[in-house]
Amino acid sequence: MISFACDYLEGCHEDILKALAATNRLQESGYGTDWFTASAIEKIREACACSEADIYFINGGTQTNQLVIDTMLQPYEGVVAAETGHVSVHEAGAIEFSGHKVLTVSSHCGKVKAAEVEAYVKRFYEDGSHEHMVFPGMLYISHPTEYGTLYTAKELRELRAVCDTYGMPLFVDGARLGYGLQARGTDVTMPLLAELSDVFYIGGTKVGALCGEAVVFTKQNTPRHFVTQIKQHGALSAKGRLMGIQFDTLFTDGLYEKISRHAIDMAEQVKAVFQEAGYALAIDSPTNQQFVILENNKMKELEKYVGFECWEPYDEQHTVVRFATSWATEQEHVDELRALLSGCKSME
């Protein structure tokens, strides 16, 4: 059975496995003070065109989001996010568990609009009772969003302007950043993210690594004693070398870009397969996540042969489902999906 259920079904890219095996017996210091981590940091600084960036490696996305938000906010502050944002929907209340409220604004296919964020914050400060309320202390966005959509450079600059007006840091969740940067037609680059955000992270878990996210503080604004706070959150890996080796490999010879581009190529084929078979798209996503409208009975038949994620109801007879490609998606997977949809393979 083939699966497009998510983009972290496989282990990791073979070059990472080779690097882990080749360095396995080498002795290195722990907690991210090893040579491999230092090398990865320099390569990421170069990719960001941000020589002053502070970079740390965290095991997973939820840990990263909670750490960044908790350490950058005051106890009385919350984080503004789209109502569909990962920190609001799919992190089991991790942000609230750390003592910070997620303050939601409307989502537009996963994105927030600068005017609406500004209106939300403006209303807060105009409220005569705002001292009794949770302060909006940070803006969180995802790029790509949970709906596979992308911000433009113009939209990011508009959000940056709102954040500057109200003294809020801009935090960009880049769990799938590679797929966003390699999407066709995007005008957002890693140096642009470094310029416009206060902190962002480069996803490894969903983009070729066994695990790990690289947090990039771009304005010499790393929270005080950040390593200590990582440990307080239970997120400091003793064998930090494991993530250092992975990111050092991903940022050698353009591997991160190449494998991300492969996922985009596969996603474009998946999109075409559904369109050629007469299915409508719920969202025209330019990234590795494709959202298709399926009739409910057809969906139940198809899921016998291929893995995908039921996303949300479309109407009483139809459901929006998500097909996600990845760095590891193979051409034969797409070809089998095409055969299933064209009826070349029995679905009885």
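Predicted model: local features only at pLDDT ≥ 70, side-chain atom pairs only at ≥ 80, totals over all residues.
How many of the 5 residues of strand S7 (residues 199-203) are buried?

**Entry 1: strand S7**

I checked S7 and got 5 of the 5 residues buried, so the strand is largely enclosed by the rest of the structure. For "buried" I used the cut-off of under 20% relative accessible area.

Next I looked at which way the residues point. Val199, Tyr201 and Gly203 go one way from S7, while Phe200 and Ile202 go the other way.

**Entry 2: who sits beside S7?**

I looked up the pairing partners. Strand S6 (residues 170-173) runs parallel with S7, and the two share 2 bridges. I followed one of them: Phe171 has Val199 in S7 as its bridge partner.

Then I turned to strand S8 (residues 213-217). S8 pairs with S7 in the antiparallel sense, over 5 bridges. Val199 came up again here, with Phe217 as its bridge partner in S8. I noted Val199 down as a residue with a bridge to Phe171 and a bridge to Phe217.

**Entry 3: the largest pocket**

I moved on to pockets. The largest pocket has a volume of about 420 Å³. I found 23 residues lining it, and the closest to its centre are Tyr8, His86, Ala175, Arg176 and Lys206. Two elements give two or more residues to this lining: helix H3 (61-72) and strand S12 (309-313). H3 gives the most, with 4 residues.

What classes of residue make up this lining? I wrote down 5 nonpolar, 10 polar and 8 charged.

**Entry 4: the second largest pocket**

The second largest pocket comes in at about 240 Å³. I listed 15 lining residues, and Tyr31, Gly32, Thr37, Tyr56 and Phe57 are the closest to the centre. Helix H2 (35-48), strand S2 (54-58) and helix H10 (226-232) each give two or more residues to the lining. S2 has the largest share, with 3 residues.

Note on methods
Residues numbered from 1 in each chain as written. Heavy atoms only, no water. 1 Å grid on protein atoms, 1.4 Å probe; cavity = no way out; pocket = protein on both sides within 12 Å on 5 of 7 lines; lining within 4 Å. Points joined across faces, edges and corners; volume = space filled by probe spheres on them. Nonpolar A, V, L, I, M, F, W, Y, C, P; charged D, E, K, R; others polar. Buried < 20%, exposed > 50% of the residue type's maximum accessible area, 1.4 Å probe, protein only. Pairing = 2+ DSSP bridges.
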